[in-house]
Amino acid sequence: MIRAVTTNVALLAAGFAAIQLAPQAVGQTGPAWVTLTDGKTMGDWNSTGEANWRIEDGALVADKGKGGHLVTKNSYKNFQINAEFWADEEANSGIFIRCKDPTAIGARTCYEVNIFDKRPDPSYGTGSIVYFAEVNPMPKAAGKWNTFEITADGRHLVVVLNGQKTVDIRNGMFEEGHFTLQYGAGVIKFRKVAVKPL
């Protein structure tokens, strides 16, 4: 009996120790994380294009206009991004990272982490990095809240969508720059966007 109790206490202690030592999830906030949208204000972004960005029900929303980006005022080299997004079936959106020139944003000048369920070439659809890392099969994001966890650490780029790794590559094409939230078509919403410099 005493041996059983001792074993149980030891197992409980080991379990608590494991919990304490477990790494925090990327999406958790902390002193190193900088929140870029709080659901109450537009936040500290520069805007390009003609999208009708606004705050609605605690999220940054765009659903009209000729497209455009919300661009961070700061430039980042190595970082983690955590962002929640909701897209309708027609949405063409994404998060562009390491954009050196915030006035020339595109898949050939930045890494485009795509949100585009109906992309004609689905290999570079939702969860991919356009022209750099394909997804197969492409995950569908439309009609629900999703979470992107994006890590850029030197040449190592990792994208995790809803807990599933969709990209894990090494590429040094773009080393540092701004990141953006894109509106291209359909309806896109972003909330809880945060960045953690590494």
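This talk walks through one predicted model, from its confidence to its sheet, its disulfide and its aromatic rings.

Ground rules come before anything else. The model is predicted, so to speak, on these terms: local features need pLDDT of at least 70, side-chain atom pairs count only at pLDDT 80 or more, and totals for chains, interfaces and linings use all residues. Residues are numbered from 1 along each chain as its sequence is written, and side-chain values use heavy atoms, with hydrogens and water left out.

Confidence next. pLDDT is the predictor's confidence in each residue, from 0 to 100. The chain averages 88. At least 70 is reached by 85% of the residues. Now look at residues 3-27. There the pLDDT is below 50. Beyond near neighbours in sequence, that stretch has 6 contacts in the model. Contact here means heavy atoms within 4.5 Å.

On to the sheet. Strands (E, at least two residues) are DSSP runs, as are helices (H or I, at least four), and they are numbered from the N terminus. In what order do the strands of the open sheet run? The order is β2-β5-β12-β7-β8, 5 strands with antiparallel pairing. Two strands pair if DSSP finds at least two bridges between them. As background, strands of a sheet pair through backbone hydrogen bonds, either parallel or antiparallel. The edge strands are β2, residues 45-49, and β8; each pairs on one side only. From one strand to the next, the twist averages 20°. Those angles run from 0 to 180 degrees between N-to-C directions, and the axes are lines fitted to C-alpha atoms, for helices over the stretch in contact.

β2 and β5, residues 68-72, run antiparallel and are joined by 5 bridges. Find serine 47 on your screen. Its bridge partner in β5 is leucine 70.

Now strand β7, residues 92-99. Arginine 98 lies in this strand. Its phi is near 55°, a positive value in a residue other than glycine. Is arginine 98 buried or exposed? Arginine 98 is buried, at 2% relative accessible area. The cut-offs: buried means under 20% relative accessible area, exposed over 50%, partly exposed in between, with a 1.4 Å probe and protein chains only.

Next comes the disulfide. A disulfide is a pair of cysteine sulfur atoms within 2.5 Å. The whole structure holds 1. Cysteine 99 is joined to cysteine 110, S to S 2.2 Å. The link is right-handed, with 125° about the S-S bond. Cysteine 99 sits in strand β7 and cysteine 110 in the loop between β7 and β8, so the pair ties together parts 11 residues apart in sequence. Cysteine 99 counts as buried, at 1% relative accessibility. Cysteine 110 is buried too, at 0%.

Two loops deserve a stop. The loop between β8 (111-115) and β9 (145-153) holds proline 137. The peptide bond from asparagine 136 to proline 137 is cis, with omega near 0°. The loop between β10 (156-161) and β11 (164-170) holds asparagine 162. Asparagine 162 is not a glycine, yet its phi is positive, about 50°. Asparagine 162 is partly exposed, with a relative accessible area of 41%.

Step into strand β11 for threonine 166. This threonine is buried, at 13% relative accessible area. What does threonine 166 touch, not counting residues up to four places away in sequence? The residues are Gly127, Glu134, Val135, Pro139, Val159 and Leu161.

Last topic, the aromatics. Rings of Phe, Tyr and Trp (its six-membered ring) pair if their centres lie within 6.5 Å; planes under 30 degrees apart count as stacked, over 60 as edge-to-face and the rest as tilted. The structure holds 9 aromatic pairs. One of them is tyrosine 76 with phenylalanine 79, edge-to-face, 6.2 Å centre to centre and 65° between the planes. Both of these residues, tyrosine 76 and phenylalanine 79, are buried. Another pair is phenylalanine 85 with phenylalanine 148: centres 5.0 Å apart, planes at 35°, so the pair is tilted. This pair links distant parts of the chain, with phenylalanine 85 in strand β6 (residues 79-87) and phenylalanine 148 in strand β9, 63 residues apart. Phenylalanine 85 is buried at 0% relative accessibility. Phenylalanine 148 is buried, also at 0%. Finally, Trp45, Tyr76, Phe79 and Phe179 form one aromatic cluster.
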